[in-house]
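Me: Please take a close look at one part of this model for me. I would like to understand the place where the two chains meet.

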2 protein chains.
Amino acid sequence: MNDKLGNWKRTHRCGDLTAENIGQDVCVMGWVQRRRDHGGLIFIDLRDREGIVQLALDPDRDLASLQKAEQVRNEFVLAAKGKVSPRPEGTVNPKMKTGEVEIEISELKILNRSETPPFMLDEFTEVAENIRLKYRYLDLRRPALQSNLLLRHLVAKTVRNYLDGQGFIEVETPVLTKSTPEGARDYLVPSRVNTGNFYALPQSPQLFKQLLMVSGFDRYFQIVKCFRDEDLRADRQPEFTQIDCELSYVNKDDVMGVMEGMIATIFKEAIGVDVQLPMPRLSYAEAMERFGVDNPDMRFGMELITITDLVAGSDFKVFADVAASGGLVKAVNAKGCATFSRKELDDLTDFVKIYGAKGLAWVKVNEDGWQSPIAKFFKEDELKALNEKLGAEVGDLLLFMADKPSIANEALGRLRGHLGQKLGLADKQNYKFAWITDFPLFEYDEDEKRHVAVHHPFTSPLEEDIPLLDTDPGQVRAQAYDLVLNGSEVGGGSIRIHDQSVQSRMFELLGIDEEEQREKFGFLLDALSFGAPPHGGIAFGLDRLMMILTGADSIRDVIAFPKTQKATCLLSEAPSEATEKQLQELGIRLRARQK
Amino acid sequence: MNDKLGNWKRTHRCGDLTAENIGQDVCVMGWVQRRRDHGGLIFIDLRDREGIVQLALDPDRDLASLQKAEQVRNEFVLAAKGKVSPRPEGTVNPKMKTGEVEIEISELKILNRSETPPFMLDEFTEVAENIRLKYRYLDLRRPALQSNLLLRHLVAKTVRNYLDGQGFIEVETPVLTKSTPEGARDYLVPSRVNTGNFYALPQSPQLFKQLLMVSGFDRYFQIVKCFRDEDLRADRQPEFTQIDCELSYVNKDDVMGVMEGMIATIFKEAIGVDVQLPMPRLSYAEAMERFGVDNPDMRFGMELITITDLVAGSDFKVFADVAASGGLVKAVNAKGCATFSRKELDDLTDFVKIYGAKGLAWVKVNEDGWQSPIAKFFKEDELKALNEKLGAEVGDLLLFMADKPSIANEALGRLRGHLGQKLGLADKQNYKFAWITDFPLFEYDEDEKRHVAVHHPFTSPLEEDIPLLDTDPGQVRAQAYDLVLNGSEVGGGSIRIHDQSVQSRMFELLGIDEEEQREKFGFLLDALSFGAPPHGGIAFGLDRLMMILTGADSIRDVIAFPKTQKATCLLSEAPSEATEKQLQELGIRLRARQK
């Protein structure tokens, strides 16, 4: 015997034993979930990845094992041999997969002992997250996290099988790479050999995947870690995982077609949900018009309706002024919500103010018409036209927003999402997808006083909009597409520029002069000059997708070893101090701390 | 039309067209490999990932396309529509998969143009590696690199499918993690949020995978990037890829059994080679005795034979002295090599000197006995005994090494490998595996004057050797195993310590006091106290394995975007300078350069 197990071999996992195994001699290994002493017998619930099985220890069968069992506490690690037997009548547990059987133990071995865990490892106990993260190896024993990570494996497998079947090959791209101009903040890695220089961790393998297309690999994918040194919000992690794809000789419909097939396969395999294909496709302009946002929740209607024309001539000065100054007046009809209290209406007004709106006008539709502070400003024919346009019926609540277009759309669009949640229209288990396409290519950065790329500088404009690059860049639409699920963006991509002169013009418009282009993007421009095929791609956030598939509330519940919002690992206590010798080798020193 | 492709849809890949497609209207897209003008017609070899197909352009069929084709140069990107036709008699090329057919082009489109590439993109042209790496996107178009990366994808897929079938789940572990004590040199990542602190990139996910076992995931794997900031040798890269595995409730035979099944599956799927299972298993002691090294090339015999006893009493003072002082005298019989020239023998002597040997004694076995400078020192019975022990026959060359054991073994062991290559016994396509087991747990570091772990500090000693930890640690054997293929280590692992007190004792023996243990390994020691199951694992170097499977001479030929031996990327010019703003945010500054 040269190890703790000796010649013991596990024959089954605990959770796999059912009535079909009755009569078999088995050997299981796992953790003590619970021990009960009952009338001279001891029962132990033994747990492994697959589930829990009951061990029955009887002094008549094996006194030595019973005596060992008396020492056993929760989370001890045991190996147990015995015969699978039906549970005595009246003790069958139909809620458990193994509930019809128990193992009559003939030999027990304690493989390891356990201190009392700092918290209960069941699904019921609420534990402070910092404690969960410090003892992550125990937290991960809890059923929810076990199943989240098992599902994550299944999803990754499904993605790989699907993409392989579609002719994609997985290629690894570098982690130690070059700083990304025009991107978010990079993580830097000082080079020892090339002292004074730094690698950057990739924010995405964007340029490498484009180069793989230039190389002729045709269809690339990678499930890959990416990094952004941003101030963390609730659902951000410094390192995150992308399903990253790129395809040659495709237009945007081809990309969306292949990718919605992948998403449907994931939902079917992972959670048994049939996603209807093709998914609806909305232009950015249509999404803004109907929903006010570019990530609309499609689980319910309550669409935004533009009524600027109808109110432009009204006596309600707020609406008329906005209409006159090029603003928008939009409304939603919250069906059946005329019962909202004054407090509820005030809360809605507070909500839209978050998005910069000055206020929110409301109308309750009663038997005898509009009940509203603004009712008096409208003439009979105006009321009629508005009611008709908004499909107003008795019992409805009409909500109006008048502001410059960006604020009117966002505030009312977010309000629509908020109402969907409040009214229970946003069932987590109802999965509604939409592609949003034809985004603007640029947005104007007021701080930097220049155009910046909405997607990234490698995104191709619509062919028909290329002339506008010179005359009216703000109007140029991009061959870009986002996949939105239940109001969240889960993926996004674009057809890329494969023409060197267009790419160079794009850089110019972004304020990058020729010298800077050579320095930062010389290799891309060179690559485009040697026969780059038309190509495009997309990336999906795997962590976000896993949150949706598992129903987890936190991104940390779908990652084995996540970091806190302060980007620390409470388990390993990373990051930590470096030694003076390490810093010397890297040719760097710490700056004096600022107080 | 909103993109370059318009409504053109590719129907086939170039390399997939065969006689079965004759008569079909197809649309292919790819790169111009070659254009030939011939009797008013133009022929273009069009290339994609799958191969090359011939396009035939005929002015009678489509003059416009022919005129376009006249502009075409190598590496232009084309789309071409036409009918698949049999090639005219006498022009069939049986060497090509598509050699029976051509496409009679009815419409041609130039999707992109190309400058003249800096080198020919065929398999025949030798190109300086720095040029290849600078234009990596072109280099990757060459057939050898295309097929290497396609095979790498296939291998990764095979690994994942095999391990999934064996109940492993893939779990992602952090890239931004904590510095590894007792390891090689880490890459560090300065933290901006936690200024003055650093993450380290993982040298391996060792502790995380052990924690996943403590968490009950039972069987883990990951194909994962690892990082070591070492001075690079020919076949090292700063980032490399591991097939990383860990299993619970196993002994070392279980691990080797599952893993050799994986290796056999890879060899079968990737290159059609049947690997015989089970693979031979040798203890470290046996490997050293028979081959002098712990990574023996098993493709040929020529084993090392210990003759210390036979020569201890001889008149040859060199041998007798070594024998008397506890050294080893070992020999190999190079069958049929009595014809070696004086120069060849001198070269062998120079070879062993690399490994610290003082010299090499040789004997040619002739019809009339030993021809050798040392023949005269041996008596008749000694000669007889040596000949018998070494199986010496007329025509053989006997080579003798006498030195302290470490040098005698290594020098003669390496010489054996060298001779195997020289004599053509080491056929690259003959794949001979062996497991080497029971390594020493410690080796003594003369510089640091302390024991260091041969494998790593988490490796379990053989149960039966645990008492020796207190009395004679140098004699303790580890539950460690390496997989050796044709003289290269391709993987290695061990059963881990799952008992907190043994782990703590191990740290002590490595000179890590209790305070340092808490600081550096506190979370591991804690984890072992809460019910850690017996577990063990292994990691394989995917890059090395791909070199063997593809027959590549350089590790850079199996990596899409490799770095040079100076750890730079000639394509993107990483690493590069950081801006002062970046350094300020990270709280670091550069040290003044030393001249």
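Reply: Start with the head count. In chain A, 135 residues are in contact with 135 residues of chain B. This is a predicted model. Three residues stand out on the chain A side. A:Tyr249, A:Phe530 and A:Arg591 supply 8% of the area that chain A buries against chain B, more than any other three residues.

Now the area itself. The size of an interface is often given as the accessible area lost when the parts come together. Between chain A and chain B, about 12,000 Å² is buried. Carbon and sulfur atoms give 55% of that area.

Across the interface of chain A and chain B, 75 residue pairs are in polar contact.

Which helix gives the most to the side of chain A that touches chain B? Helix 4 of chain A, residues 143–165, does, with 10 residues. By class, that side of chain A has 60 nonpolar, 33 polar and 42 charged residues.

Finally, the nonpolar core. The largest one has 128 residues. Those with the most contacts inside it include A:Leu212 and B:Leu212. Look at B:Leu212 up close. Leaving out residues up to four places away in sequence, B:Leu212 touches A:Leu140, A:Ala560 and A:Phe561 from chain A. Within chain B, B:Leu212 touches B:Val171, B:Thr173, B:Phe217 and B:Tyr220.

Note on methods. Residues are numbered from 1 along each chain as its sequence is written. Chains are lettered from A and ligands numbered from 1 in the order in which they are written. This is a predicted model: local features need pLDDT of at least 70, side-chain atom pairs count only at pLDDT 80 or more; totals for chains, interfaces and linings use all residues. Side-chain values use heavy atoms; hydrogens and water are left out. A nonpolar core is a set of buried Ala, Val, Leu, Ile, Met, Phe, Trp, Tyr and Cys residues joined through side-chain atoms within 4.5 Å. Buried means under 20% relative accessible area, exposed over 50%, partly exposed in between (1.4 Å probe, protein chains only). Contact means heavy atoms within 4.5 Å. Buried area is the accessible area (1.4 Å probe) that two parts lose on being put together, summed over both. A polar contact is a pair of N or O atoms within 3.5 Å; within protein, one must be able to donate a hydrogen and the other to accept it, and residues adjacent in sequence count only if both atoms are side-chain atoms. Helices (H or I, at least four residues) and strands (E, at least two) are DSSP runs, numbered from the N terminus. Ala, Val, Leu, Ile, Met, Phe, Trp, Tyr, Cys and Pro count as nonpolar, Asp, Glu, Lys and Arg as charged, and the others, Gly among them, as polar.
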